[in-house]
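Here are my notes on the model you passed along. Have a look at the structure first, then read on.

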Amino acid sequence: MTQHNRAKSDVFVPSGQIQFGAFFQGVNSGTIWKAAESGSQTDFESFRRIAQTAERGLFAAFFLGEGLRLREHLGRPHALDVVGRPDAQTMLAALASVTRNIGLVATQNTTYNDPADLAHRLASLDLVSGGRAAWNIVTTDNAWTGANFRRGGYLDHADRYKHAEAFVETAKRIWDSWETSDCPARRVVHEGRHYTVDVTPRLPRSAQHRPVLFQAGDSPEGRNFAARQADVIFSAHPKFDNAVEFRKDLVERSIAAGRGANAVQIMPASEFILAATAAEAAEKKEWVRNLQIGPQQAIAYLEQFWGRELSGYDPDGPLPEIDPVVEETSETRGSGFHGAKARQLADQWRAEAKDKGLSIRQFVISKTARIDSTFTGSYTAVADQLAEYARVGAVDGFNISPWLIPTGLDDIVNHLVPELQERGVYPTEYRGSTLREHLGLEAPERTADQAAEVVHA
Amino acid sequence: MSNIQGFLAIELDGAGWDGADLTRAVLVAESAGFHAATFTDAPAPGRTNALQRAAFAGPATRSIALVPEVDTVYTEPFHVSTQLASLDYVSGGRAGWIVTATESPEAAAAVGRPSVTGAALGQEAAASIEVSRRLWDSWEDDAVIRDVATGRYIDVDKLHYADFETPADFAGAGYSMKGPSIIPRPLQGQLPVLVPASLLDEVSADAVDGVLVSAPAAELLAAEVRDVRARVGASVAVIAELDVVLDARGQAAGSRVAPFDGGRAAFAGTVAGLTDFLESLLAEADGVRLHPASLFVDLEELGRLVLPELRRRGVLRAPVQDGTFRDLLGLERPASRYASATAAPHGAGK
């Protein structure tokens with residue numbers, strides 16, 4: 001337990017351990033739906049199966065994304081990718097009754113939720129699950145998503161994190177307003193530019209006091225936000241050198257935020273393609289990539305950047321000679337680059353593909369295949385690699401996106417986890433009953449007693 | 001809907017419960033033979049979110065319908081629709097929705113909105129129901145095609161923008177909602193929607209599948225049920241609301257609890273008296289929802305004595321194994337309204 005009680009210090013101490021999280025992506029192009037063993041993306045059975053497998057492998061947490069509007073491609077819902085997913089908290093509440101230990105993380109947006117309502121719902125999930133809930137804080141600023149909500153699109157990009165931080169502070173005060181179930185709640189009041197909250201909370205603190213906070217954000221503002229507020233940050237930097245660099249940066253920001261060097265854990269998003277031998281793993285990778293990026297997916301990928309239909313082009317041929325549509329600047333998602341940048345990018349890509357002798361499909365695979373986040377190899381080789389991450393404290397764990405549902409964690413749990421346990425870098429049992437305990441996080445300090453005053457932000 | 005046999009629902013409350021309490025309560029209700037469990041969302045210290053309690057109960061149960069209250073006034077209709085559709089998935093098609101329209105200044109203050117009162121409450125409810133129904137239909141049943149040959153996961157022609165806008169005479173702050181839903185069509189197509197009779201002025205009977213009927217006293221309940229039946233017709237389930245406290249464990253009903261608050265008709269007395277009363281009530285109503293004074297004390301008597309006797313008398317429907325909530329209510333699974341616009345000429349069901 002020593003690592004769990006690291007005092008607030010300016011010196012970073014590696015935990016020497018790796019934790020896993022499982023991310024059921026729901027809407028994405030990385031999950032293979034074309035294979036015979038690909039299961040449903042919405043049936044409860046898929047979620048139950050994969051969450052229970054993760055729990056068998058002592059994963060710290062199971063994550064769900066949030067959908068607020070369907071992705072579009074050239075003005076229509078995107079036909080080629082996995083699309084459609086259940087509400088995160090509803091699904092996690094159901095999973096709470098068929099799991100015992102694994103943490104349950106709901107991605108929830110600060111822009112299109114009300115703080116009091118969301119805080120109550122997360123506290124509710126935390127109580128129902130016995131202290132296993134977490135909130136992955138995300139923000140949105142586009143009116144396109146806002147079209148599905150009463151508020152509409154009202155948030156300036158520059159305000160995104162300010163708004164999110166005020167939201168999180170309010171949620172923390174709501175969660176902290178009850179010490180125990182016997183203690184009467186204190187009123188929480190917040191008057192801000194975007195919302196006003198005046199609420200007397202009605203839920204006591206959970207076994208882990210309040211939901212664990214996860215956050216992803218790579219910009220300086222995002223990193224500072226995480227350094228001030230989050231317990232765990234999802235980084236986009238799993239490659240060793242980048243991971244070490246990211247850790248250093250985050251440690252500095254955490255110290256500057258007054259929270260100590262060890263306050264924020266890091267879990268990069270990652271993909272594992274594993275087999276008994278390196279050769280088999282390489283073969284498997286080929287199979288995975290070809291199912292992820294079929295001929296139509298390759299063309300559609302280019303269409304996002306070209307802003308026009310390219311269905312006449314041969315996926316096995318060279319990149320299109322025609323130029324992108326440059327005036328594509330609508331609010332709809334899917335157009336990856338706007339204005340003059342599109343033409344420049346197209347020129348660059350054509351040259352690159354020609355240089356490397358890549359077809360459209362090969363080129364798109366090279367651009368989309370999560371090269372930076374993929375661990376490919378034999379179980380033993382990858383275990384050795386991860387042990388090195390643990391030794392230096394490059395990361396605290398990995399958030400794994402399985403490319404197959406619902407069996408995509410089986411090889412990790414059956415083969416990689418035991419290898420990691422043998423190396424002494426992976427838990428051999430759950431450390432407690434709450435997510436906070438699994439992660440070795442200290443009980444959170446209560447927010448200051450602000451009951452009597454209105455907090456302006 | 002008029003059936004000789006009726007169904008029984010039970011309100012499980014849930015204040016101060018953890019997951020283990022919840023599992024126990026819903027399993028006891030299911031094995032007692034209740035057809036549906038409802039989950040109040042009225043604010044009370046220690047009471048967790050109703051929809052999450054229903055979702056938690058989903059995988060633990062097999063045949064009982066799970067019906068949470070969800071507010072329509074201070075919630076986002078898009079979220080409400082998605083959450084309810086998800087409840088249908090995690091319960092294998094046993095989800096329903098008791099529509100509430102919260103009239104409390106506290107609820108308004110919590111989300112920083114002006115308080116909604118009077119007829120505007122019903123308008124908010126009607127709009128929210130319409131948004132959910134459109135979103136549930138916005139993916140046609142066979143929209144997920146997984147067509148390897150063409151690389152298409154979905155058939156885009158089977159996804160539809162709901163394009164909802166509040167009506168011009170909407171009392172509250174009007175809004176619009178685009179769609180389509182983020183989740184494929186619920187297993188039941190449309191979840192059964194139940195509303196309290198008090199909302200029927202603004203919420204059309206065509207928009208709902210069931211009405212919850214209250215009366216100030218037990219002897220007035222049957223007449224109230226007849227009145228509502230006359231208003232909504234036979235195709236809408238009429239469900240009587242009844243508080244219950246029984247003589248149990250050697251104690252008279254009257255000594256066990258303080259009198260009910262008067263909002264609903266109450267029955268206090270013997271098992272035999274309640275059994276007779278429910279039999280007569282089920283001759284008028286499609287179902288009765290019981291609000292037990294003390295869940296586990298009264299539930300034990302109900303499960304051990306009252307329900308078996310009602311079944312013996314042929315008054316109760318058999319539980320529907322692996323059935324949906326719509327099956328229980330005798331409702332067909334409707335086609336999506338958008339599918340009918342292109343494929344079939346007749347109007348869409350609700």
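The points below go through chain B, then the charged pairs, then the rings.

1. Ground rules. This is a predicted model, so local features need pLDDT of at least 70 and side-chain atom pairs count only at pLDDT 80 or more, while totals for chains, interfaces and linings use all residues. Residues are numbered from 1 along each chain as its sequence is written, chains are lettered from A and ligands numbered from 1 in the order in which they are written, and side-chain values use heavy atoms, with hydrogens and water left out.

2. Chain B overall. I'd start with the secondary structure: chain B has 11 helices and 13 strands (DSSP runs numbered from the N terminus, H or I of at least four residues for helices, E of at least two for strands). Its radius of gyration is 20 Å, in agreement with the value near 20 Å for a compact globule of 350 residues (taken over C-alpha atoms; the rule is 2.2 Å times the number of residues to the power 0.38). The C-alpha trace of chain B spans about 70 × 45 × 40 Å along its principal axes.

3. Of its 350 residues, 58% are buried (under 20% relative accessible area; exposed is over 50%, partly exposed in between, with a 1.4 Å probe and protein chains only). Chain B exposes about 12,600 Å², and 52% of that comes from carbon and sulfur atoms (Shrake-Rupley method, 1.4 Å probe; for residues, only the protein chains shown count as cover). Take the contacts between residues at least 6 apart in sequence: 73% of them join residues at least 24 apart (contact means heavy atoms within 4.5 Å).

4. B:Thr82 sits in helix α3 (residues 77-90) of chain B and is buried, at 6% relative accessible area. What is B:Thr82 in contact with, leaving aside its neighbours within four places in sequence? The list is B:Ile182, B:Ile183 and, from chain A, A:Asp87.

5. Salt bridges, chain A. The count over all chains is 52 (a side-chain nitrogen of Lys or Arg within 4 Å of a carboxyl oxygen of Asp or Glu). One of them joins A:Arg350 to A:Asp323, with the closest N and O atoms 3.1 Å apart. This pair links distant parts of the chain, 27 residues apart: A:Arg350 is in helix α10 (residues 340-356) and A:Asp323 in the loop between α9 (295-306) and α10. A:Arg350 is buried at 15% relative accessible area, whereas A:Asp323 is partly exposed at 32%.

6. Salt bridges, chain B. B:Asp286 and B:Arg229 meet at 3.0 Å, N to O. B:Asp286 lies in the loop between α8 (271-282) and β13 (287-292) and B:Arg229 in helix α6 (residues 218-232), so this bridge ties together parts 57 residues apart in sequence. B:Asp286 is buried, at 3% relative accessible area, and B:Arg229 is buried too, at 19%. Compare B:Glu309 and B:Arg313, which form a salt bridge at 2.7 Å: B:Glu309 is partly exposed at 21%, and B:Arg313 is partly exposed at 29%.

7. Aromatic pairs. The whole structure has 31 of them over all chains (Phe, Tyr or Trp rings, the six-membered one for Trp, with centres within 6.5 Å; planes under 30 degrees apart are stacked, over 60 edge-to-face, the rest tilted). Why is the pair A:Phe167 and A:Tyr195 edge-to-face? Because their planes are at 80°, with the ring centres 6.0 Å apart. A:Phe167 is in helix α5 (residues 160-175) of chain A and A:Tyr195 in the loop between β7 (188-191) and β8 (196-199), so the pair ties together parts 28 residues apart. A:Phe167 is buried at 0% relative accessibility, and A:Tyr195 is buried at 6%.

8. B:Trp97 is in strand β4 (residues 97-100) and B:Trp136 in helix α5 (residues 119-137) of chain B, 39 residues apart; both are buried. In chain A, ring pairs join a cluster whose members include A:Phe20, A:Phe59, A:Phe375 and A:Tyr426.

9. Charges over rings. A:Arg69 lies over the face of A:Trp144, 4.1 Å from the ring centre (NZ of Lys or CZ of Arg within 6 Å of the centre and within 35 degrees of the ring normal). A:Lys239 lies over A:Phe375 at 5.6 Å, and A:Phe375 is one of the cluster rings.
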